[in-house]
Amino acid sequence: VVVLAIAVFVSLALWVTLGNAAAFDLVAIHAIQAVRTSTLDEVVASFTLFGSTPGVIIAILATAGYAALRHDQRLAYGVLGVGVVDELSYPILKLIFQRDRPLDLATVFLPTTFSFPSGHSVAAVAVYGMIAYALARLHPRLRMPLLVIAPLFSLALGLSRPYLGVHWPTDVLAGFALGTLILVGGIRCTIDT
């Protein structure tokens, strides 16, 4: 999983910086935005807040606190660690790649930061994946429902970004790859050896 996630991220980074990802991105973003309605716009604009920094911080602190109350300190620290790595990694990568956002396609206020990778997509996999792992670990009977709900939630959160026109689809895919790396690292840190 780690090797695949690294390969996907590196391939996308090279495609975006050296190749011609624009043609794919334009076709994909137009396909995603083709399902737009005013009602769905409002729902997606609210839903995407789960991936914002305040939303991520609240989710991380609540989950880490719950794990600590359940006397699983290692899990609590793992959840906090994933949150910290998530919130530090993607802003640095945005500064390295300095990719512009899809200015003409935004349906909401466009963030002023760079586009690659999508921080919401990183959080969708890393943070919410770690929260799902924590809940499954603390409540094993939830494991099967979370195996379905968590990936669907992450996918929807990632797709909300090109839907709103604030990220290119390749930004989202790169965010998913980076989020996978962070999630795997977080889970590995919580497992007793």
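**Note on the predicted model: helix packing, core and loops**

1. Start with Val3. Val3 lies in helix H1. This is a predicted model, so read every value below as computed from that prediction. Is Val3 buried or exposed? Val3 has a relative accessible area of 67%, and an area over 50% counts as exposed, so Val3 is exposed. Val3 and Leu181 are 178 residues apart in sequence. Yet their C-alpha atoms are separated by 9.0 Å.

2. Next, take H1 together with H8. Two packed helices are described by the angle between their axes and the distance between the axes. For H1 and H8 the angle is about 150°, and the axes are 9 Å apart. Angles over 145 degrees count as roughly antiparallel, and therefore H1 and H8 are roughly antiparallel to each other. Their crossing is left-handed.

3. Which residues make this contact? From H1 come Val2, Ala5, Ile6, Val8, Phe9, Leu12, Trp15 and Val16. H8 supplies Thr170, Leu173, Ala174, Ala177, Leu178, Thr180, Leu181 and Val184. By class, the contact of H1 with H8 holds 14 nonpolar residues, two polar and no charged.

4. H8 also packs with H6. Helix H6 covers residues 119–138, and helix H8 covers residues 169–190. Their axes come within 6 Å and cross at roughly 30°. Angles under 35 degrees count as roughly parallel, so H6 is roughly parallel to H8. H6 passes H8 in a right-handed crossing.

5. Now list the residues where H6 and H8 meet. On the H6 side are Ser121, Val122, Ala124, Val125, Ala126, Gly129, Met130, Tyr133 and Arg137. On the H8 side are Val172, Gly175, Phe176, Leu178, Gly179, Thr180, Ile182, Leu183, Gly186, Ile187 and Thr190. The contact of H6 with H8 has twelve nonpolar, seven polar and one charged residues.

6. Move to the core. In soluble globular proteins, nonpolar side chains tend to be buried together. How many residues does the largest nonpolar core have here? The largest nonpolar core has 36 residues. Those with the most contacts inside this core are Phe9, Leu75, Val79, Phe116 and Val127. The elements giving two or more residues to the core are helix H1 (2–17), helix H4 (53–69), helix H5 (73–97), H6 and H8. H6 gives the most, with eleven residues.

7. Look at Phe9 on its own. Leave out residues up to four places away in sequence. Phe9 then touches Leu93, Phe97, Phe116, Pro117, Ala174, Ala177 and Leu178. Phe9 is also one of the H1 residues in the contact with H8.

8. Most residues other than glycine have a negative phi, and most peptide bonds are trans. The peptide bond from Phe116 to Pro117 is cis, with omega near -5°. Pro117 lies in the loop between H5 and H6.

9. Gln98 is also found in the loop between H5 and H6. Its phi is near 45°, a positive value in a residue other than glycine. Gln98 has a relative accessible area of 47%, so Gln98 is partly exposed.

10. Where does His71 lie? His71 is in the loop between H4 and H5. The phi of His71 is near 65°. That is a positive value in a residue other than glycine. The relative accessible area of His71 is 70%, so His71 is exposed.

11. One more pair of helices: H2 (residues 22–33) and H7. H2 and H7 pack at an angle of about 100°, with their axes 9 Å apart. Angles of 65 to 115 degrees count as roughly perpendicular, so H2 is roughly perpendicular to H7. H2 brings Ile29, Ile32 and Gln33 to the contact. H7 brings Leu159, Pro162 and Tyr163. By class, the contact of H2 with H7 has five nonpolar, one polar and no charged residues.

12. Finish with Ala150. Ala150 is found in helix H7 (residues 143–163). Is Ala150 buried or exposed? Its relative accessibility is 16%, and under 20% counts as buried, so Ala150 is buried. Ala150 and Leu105 are 45 residues apart along the chain. Their C-alpha atoms are separated by 28 Å.

Note on methods:
Residues numbered from 1 in each chain as written. Predicted model: local features only at pLDDT ≥ 70, side-chain atom pairs only at ≥ 80, totals over all residues. Heavy atoms only, no water. Axes fitted to C-alpha atoms, helices over the stretch in contact; angles between N-to-C directions. Helix = DSSP H or I, 4+ residues; strand = E, 2+ residues; numbered from the N terminus. Left-handed = near helix turned anticlockwise from the far one by under 90°. Contact = heavy atoms within 4.5 Å. Nonpolar A, V, L, I, M, F, W, Y, C, P; charged D, E, K, R; others polar. Core = buried A, V, L, I, M, F, W, Y, C linked by side-chain atoms within 4.5 Å. Buried < 20%, exposed > 50% of the residue type's maximum accessible area, 1.4 Å probe, protein only.
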